[in-house]
Amino acid sequence: MQLIIPPHLQNTYKLIQCAFPNRIEVEDYEPLVALLSEEISDRNLAKVIAYYLGKEYSVVLNDVYRVQSINIPKAEVIDNLKIKLHSCGYQEWLEE
């Protein structure tokens, strides 16, 4: 069965796929969630990451809430991730 990404999440999915073509590394997961949650809704973020990882939406949504309130990544880690995302069109994604 082919996965169909809703149109409003396709650019975010492509951004994640470009930055993490094989998988999202454990050390990048929480910073990615923290960074992207600043720009899109919690639910949309959880949906797109769940699509990408093949995880349950509810599990990812809980991860989003946890990263925003308990496991807040350090700014320097997020900044390093931004560098990686910029080569994948992060600035253009922000401007949408």
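This is a predicted model: local features need pLDDT of at least 70, side-chain atom pairs count only at pLDDT 80 or more; totals for chains, interfaces and linings use all residues.
The largest nonpolar core holds 30 residues. Within this core, the residues with the most contacts are Ile-16, Phe-20, Leu-32, Leu-36, Ile-49 and Leu-85. Two or more residues each come from helix H1 (10-19), helix H2 (26-37), helix H3 (42-53), helix H4 (57-69), helix H5 (75-86) and helix H6 (90-95).

Setting aside residues up to four places away in sequence, Leu-85 touches Leu-15, Ala-19, Leu-32, Leu-35 and Tyr-90.

Now follow H2 itself. This helix has 12 residues and spans 17 Å from its first C-alpha to its last, close to the 16 Å expected at 1.5 Å a residue. Because 9 of those 12 residues are buried, H2 is largely enclosed by the rest of the structure. The buried ones are Asp-28, Tyr-29, Pro-31, Leu-32, Val-33, Ala-34, Leu-35, Leu-36 and Ser-37. Their cover includes H1, H3, H4, H5 and H6.

Finally, turn to Thr-12, which is found in helix H1. Thr-12 has a relative accessible area of 5%, so it counts as buried, the cut-off being under 20%. Which residues is Thr-12 in contact with, leaving aside its neighbours within four places in sequence? They are Leu-36, Ile-40, Val-48 and Trp-93. Leu-36 brings us back to where we started, as one of the residues with the most contacts inside the core.

Notes: Residues are numbered from 1 along each chain as its sequence is written. Side-chain values use heavy atoms; hydrogens and water are left out. A nonpolar core is a set of buried Ala, Val, Leu, Ile, Met, Phe, Trp, Tyr and Cys residues joined through side-chain atoms within 4.5 Å. Buried means under 20% relative accessible area, exposed over 50%, partly exposed in between (1.4 Å probe, protein chains only). Helices (H or I, at least four residues) and strands (E, at least two) are DSSP runs, numbered from the N terminus. Contact means heavy atoms within 4.5 Å. The expected span of a helix is 1.5 Å times one less than its number of residues.
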